[in-house]
Amino acid sequence: MSRILVTDLDGTLLGGTRDDRRRLRDALARHPEVTLVFATGRGLASVREVLRDPLVPRPRWIIADVGATVLDGSDFTPVDPVQEHLRTGWPGPDRVRAALRRFPALGYQHGVVQDGRCSYHLAPERLTGELTAAVEALGCTWVYSANRFFDVLPAGASKGNAVRALAGKLGWKPEEILVAGDSLNDLSLFRADTHAVVVAGAEPALLAALADSPLLHRPGRAGAAGIHVALRALGWLSPETEPGTGTEPEPQAEPRTEPGSSPGPTRSAVERGAGRHSLVVAYHRPPLHWNGEAWQPPSSPNGILPTLTSAFTDGLPGVWVTAQVGDGPPEGPHGNAYGDRPHPAGLPLSPVPLDTDTWTGYFHRACKETLWPVLMSEPGRSVFDERAWADYRTVNERFARHIGARAAPGATVWLHDYNLWLVPGLLRRARPDLRTGIFHHTPFPAPEVFATLPVAAELRDSLARLHWAGFHTEDFAEHFRRTLAGLPDRPRTGVHPLGVDRPAIERLAVERHTRLRTPHRDPAAGRVVLSVERLDYAKAPIQKVEAVDRLLTRRPGLRGRLTFRLVCPPPEPGITAYDTTRRQLEQRVAEVNARWRQGPWQPVDHVPRALSTTEVVDAYLTADVLWVTSLQDGMNLTAKEFIAARAALPHREPAPGVLVLSRHAGAAAELGGPALLTDPHSPEDLATVLARALDLTPAERRARMERLAELLGRERPADWAARIVAAIRDHPAEVGPPSTRPIATPRPQTAGWP
């Protein structure tokens with residue numbers, strides 16, 4: 001079911017206290033399945049200014065100019081034919097203004113950028129029948145609100161008509177929509193039989209017009225707080241994860257992460273971070289996410305954050321350095337780095353304070369827009385910005401300084417991923433006694449792709465200062481060695497593919513299988529092909545939708561008998577690198593579903609939100625095929641989770657699931673025999689291999705799953721972490737005392753090609 005929030009801005013979404021707006025913003029960020037639509041009298045230029053406010057959530061769609069403009073919120077392009085239809089018959093602003101010059105009471109709003117409408121100031125006693133008749137004679141309509149604003153619009157334009165047109169295009173149903181407003185120019189929104197909320201302080205005339213509306217919420221709270229109350233009343237916000245109605249801490253700018261552990265703080269564990277340690281682990285993401293009431297447990301039992309959490313819980317000595325992002329002071333009023341929040345339980349965390357602007361330039365821009373495309377071997381997507389790269393240098397320098405201050409003489413430093421690529425060079429200059437290693441959870445690109453980065457020389461110089469570098473596959477390790485070829489003192493390399501917490505997945509799978517008493521599936525879905533992945537062009541979601549279209553064209557008998565379930569949550573708020581992918585994916589899903597829909601069945605079930613661990617395991621247990629089609633992937637633990645879940649079921653399972661795996665995922669190096677390998681760069685191969693997976697006999701499926709279960713192994717992630725630390729330590733520390741000079745920010749490189 002879709003969930004659509006359509007809200008006015010002034011007095012509604014922008015109303016209430018800053019805390020009210022912050023709470024609503026964070027609630028929407030935790031529930032990306034709620035699609036946000038602005039419906040405002042403002043024009044695009046004014047909406048852009050509003051979006052500069054960090055407390056304003058980014059809309060997926062924008063209805064502006066009192067309903068005369070409909071825009072894609074990703075790139076601000078008009079949504080046609082919706083906007084074109086709404087403006088049918090518009091005579092243009094020059095003709096409107098000329099025809100209304102004989103009404104001196106009208107004061108044209110010269111300072112307001114207007115598109116598809118004309119806006120005036122008008123006193124209420126000057127709103128006459130003669131004036132409205134003149135507007136209607138032009139073939140236009142009008143809206144009067146706040147006892148001040150008189151808007152002349154195309155005859156078919158209104159906020160309500162725009163919502164109905166957008167709903168028709170995107171397949172929204174009235175019961176899936178909540179509209180919110182506070183003035184008479186919002187009245188048309190409330191005429192479509194949707195859920196509705198009028199916030200406190202609304203115009204009395206609006207309240208009078210809606211006196212008999214059965215679907216209307218009147219929460220008695222102003223602005224954003226009123227919207228929040230209505231969303232909770234509808235059950236669109238999960239009560240167990242929402243902050244209370246009391247005070248809520250300043251939210252972290254860090255993405256919603258998977259990490260976590262049980263509450264029950266131990267201050268001494270954190271205080272140990274202020275000392276000197278023989279092991280310092282550094283990863284840019286924090287292992288816990290504050291949800292407003294408690295530290296958020298992991299959404300997945302696997303991945304680097306749960307792996308490190310497990311390792312420290314099992315007694316790995318040392319300290320964990322991570323980012324703490326926020327606009328406030330680095331320490332709260334009681335002298336702890338977490339402000340008034342309780343300390344995380346049992347984890348020796350040592351946070352690096354970062355302001356939101358620096359974090360945005362570092363993570364949202366430099367990491368995701370400059371480096372990530374190159375790691376995915378998509379250099380044409382890479383965008384380099386000097387200011388963002390300066391933030392990347394700043395964050396790496398602060399991490400290096402923090403690590404150096406907490407590392408004992410001769411200590412081991414274990415870094416994670418490309419986000420800290422400049423730290424090795426900084427540490428080698430300031431602390432040559434340390435043994436520094438890094439593990440890459442992502443792919444490492446071929447040298448010719450790496451060389452496309454304007455800062456490639458700067459990065460190579462730093463990476464060459466490592467003592468050890470680890471990878472999931474030998475191919476990635478070889479790319480690294482070739483990239484550093486010719487440089488002195490190159491680091492040793494190791495290949496250590498990460499596994500999953502198999503016992504935990506098996507226990508949950510058996511529990512869910514027993515409770516659900518399979519089959520737990522919608523019979524109308526037919527055979528289910530499943531993908532579980534974040535929104536990212538590197539995961540090839542659009543290519544999969546097009547492959548489904550191709551397969552149905554080739555085998556029309558599958559119509560009504562096959563469902564592709566695409567679980568694809570968006571990235572954390574603030575990251576825009578995937579906006580184009582999201583827009584194109586939504587368009588292709590709508591087109592393919594429209595083409596093949598048959599009764600209640602449609603071929604693509606797009607789920608644009610994150611699932612809980614239990615929901616993911618349930619999805620694994622009901623899928624006929626897990627479809628992993630990464631264009632590049634360091635490992636892909638989803639494939640391993642699927643195997644662990646399905647192999648845990650009783651042997652009498654009639655038709656085990658099939659794993660279709662990209663040749664370019666790191667997991668293919670381990671699982672490429674019994675898995676069906678596919679090439680996501682080839683549309684024909686995607687459709688052909690998927691068809692083959694669906695055609696396998698139960699005996700073939702069972703044999704492949706049994707072999708996959710053997711290859712999966714049973715090494716615990718904590719054991720993997722211990723092996724990495726041992727590999728880094730297996731290198732003599734440099735002779736001599738550690739340097740006492742401060743770590744300096746590296747000199748800016750020119751943007752020229754190396």
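Two residues are taken to be in contact when heavy atoms of each lie within 4.5 Å. On this basis, residues 24 or more positions apart account for 73% of the contacts in the chain with a separation of 6 or more. The structure is a predicted model, in which local features need pLDDT of at least 70 and side-chain atom pairs count only at pLDDT 80 or more, whereas totals for chains, interfaces and linings use all residues. Residues are numbered from 1 along each chain as its sequence is written, and side-chain values use heavy atoms, with hydrogens and water left out.

The chain contains 26 helices and 26 strands, these being DSSP runs numbered from the N terminus (helices H or I, at least four residues; strands E, at least two). Of its 754 residues, 56% count as buried, where buried means under 20% relative accessible area, exposed means over 50%, and partly exposed lies in between (1.4 Å probe, protein chains only).

In soluble globular proteins, nonpolar side chains tend to be buried together. A nonpolar core is here a set of buried Ala, Val, Leu, Ile, Met, Phe, Trp, Tyr and Cys residues joined through side-chain atoms within 4.5 Å. The largest such core has 89 residues, and those with the most contacts inside it include Tyr392, Trp421 and Leu459. Helix α12 (residues 356–375) gives the most to this core, with nine residues. Leu459 touches Leu371, Trp389, Trp421, Leu422, Phe450 and Leu453, when residues up to four places away in sequence are not counted. Apart from this core lies another, of 58 residues, among them Leu279, Val281, Ile304 and Val607.

With a disulfide defined as a pair of cysteine sulfur atoms within 2.5 Å, the count comes to zero. Cys118, for example, is in no disulfide, because the sulfur of Cys140 is 8.2 Å from the closest cysteine sulfur, in Cys118, too far for a bond.

Salt bridges, in which a side-chain nitrogen of Lys or Arg is within 4 Å of a carboxyl oxygen of Asp or Glu, number 45 in the whole structure. Arg117 and Asp151 meet in one of them (3.2 Å, N to O); the pair links distant parts of the chain, 34 residues apart, and both residues are buried. In another, Glu458 and Arg393 have their closest N and O atoms 2.9 Å apart, and this pair joins helix α16 (residues 456–463) to helix α13 (residues 386–406). Glu458 counts as buried at 7% relative accessibility, and Arg393 is buried at 4%. Salt bridges that share partners also join Glu546, Asp549, Arg588, Glu591 and Arg595 into one network.
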